[in-house]
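Here's a quick briefing to read with the model open.

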Amino acid sequence: QGSMQNQPPLPGEPMVGAGAAPPQDLAPSPSTPESSGRKLRQWGVMLDVGVPDGLMASALYRPIRWARVNAGLGFNAVSPGIRIGGALVPFGTGPFAGVDFGHYFGGDANGLARTFAADHEDNVLLKDVGYDYVNLRLGLELGGDRFVFIMKGGLSYLWTTIHHVDELIDSNTDANSRTSITVSEDPVLTAWTPSLDLGAAFFF
């Protein structure tokens with residue numbers, strides 16, 4: 001009987017006894033994004049519309065899951081513009097905080113004014129309208145790793161230079177008047193205003 005206990009196992013038969021390694025479960029464990037090696041989709045495009053942003057088409061860069069950087073071109077029904085910005089998304093998706101800087105080049109806004117008022121007469125102050133702005137917003141990002149819907153709201157600080165003030169004064173001054181008014185520097189108008197923006201982004 002002792003010799004029977006010391007016989008080696010047959011081929012293919014598991015080894016049983018003292019010192020033998022217990023059988024191991026070779027079934028693969030459930031994979032996670034980290035263990036599966038799936039890379040974060042870093043580049044994307046975004047289309048959004050808002051105030052004072054106008055209609056914007058932007059490129060997106062997501063270096064890490066909780067950060068976004070954007071740069072794009074826009075149009076506000078008067079002239080083209082540019083915008084750059086960034087956002088922090090603490091949970092990778094959901095609520096976020098963002099800041100943007102934008103600039104719209106000067107353009108003739110009389111055509112836009114005629115859209116809303118058919119009897120509008122051209123105004124020299126609207127001949128060259130452009131502005132700069134900074135957006136401070138909170139938002140919500142809804143979606144998955146590839147497609148997201150974006151809602152943003154907050155405050156914007158705007159500043160614009162008012163051109164052709166001297167022309168307006170001259171056109172309203174009596175030619176026989178001895179009073180003369182000279183504008184040595186174009187005035188700058190600044191304002192804080194509520195702002196809202198809606199858009200969608202696609203990462204690839």
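Before going on, a word on the ground rules. This is a predicted model, so local features need pLDDT of at least 70 and side-chain atom pairs count only at pLDDT 80 or more, while totals for chains, interfaces and linings use all residues. Residues are numbered from 1 along each chain as its sequence is written, and side-chain values use heavy atoms, with hydrogens and water left out.

**Overall layout**
- The chain has three helices and eight strands, taken as DSSP runs numbered from the N terminus (helices are H or I with at least four residues, strands are E with at least two).
- Read from the N terminus, the order is α-β-β-β-β-β-α-β-β-α-β.
- Of the 204 residues, 26% are buried; buried means under 20% relative accessible area, exposed means over 50%, and partly exposed is in between (1.4 Å probe, protein chains only).

**Salt bridges**
- The count comes to ten salt bridges.
- Asp48 and Arg83 pair up through their side chains at 3.0 Å, N to O. Asp48 sits in strand 1 and Arg83 in strand 4, so this pair ties together parts 35 residues apart in sequence.
- Asp48 is buried at 2% relative accessibility, and Arg83 is buried too, at 1%.
- Lys152 and Asp197 make a salt bridge at 3.7 Å, N to O. This one links strand 7 (Lys152) with strand 8 (Asp197), 45 residues apart.
- Lys152 counts as buried at 9% relative accessibility, as does Asp197 at 1%.
- Asp122 and Arg114 also form a salt bridge, with their closest N and O atoms 2.3 Å apart. Here Asp122 is exposed at 57% and Arg114 is partly exposed at 39%.

**Pocket and cavity**
- The largest pocket has a volume of about 370 Å³. On a 1 Å grid over the protein atoms alone, a pocket is an open set of points with protein on both sides within 12 Å along at least five of seven lines; a cavity is a set where a 1.4 Å probe fits but cannot get out, and lining residues have an atom within 4 Å of a point.
- Points are joined across faces, edges and corners, and the volume is the space filled by probe spheres set on them.
- The largest pocket is lined by 19 residues, with Asn76, Val129, Gly130, Tyr131 and Thr160 nearest its centre. Strand 7 gives the most to this lining, with four residues.
- There is one cavity of 30 Å³ or more, and the largest cavity holds about 200 Å³ of space. Its lining has 18 residues, and Arg68, Asn70, Ala87, Phe96 and Lys152 are the closest to its centre.
- Strand 5 gives the most to the lining of the largest cavity, with four residues.

**Surface**
- Trp43, Val45, Tyr61, Val69, Phe147, Phe202 and Phe204 make a nonpolar surface patch of about 690 Å². Such patches take residues with over 30% relative accessible area and no salt bridge, joining nonpolar side chains (Val, Leu, Ile, Met, Phe, Trp, Tyr) within 5 Å and like charges within 9 Å; areas come from the Shrake-Rupley method with a 1.4 Å probe, and for residues only the protein chains shown count as cover.
- Trp43 lies in strand 1 and is partly exposed at 47%.

Methods:
Salt bridge = Lys/Arg side-chain N within 4 Å of Asp/Glu carboxyl O.
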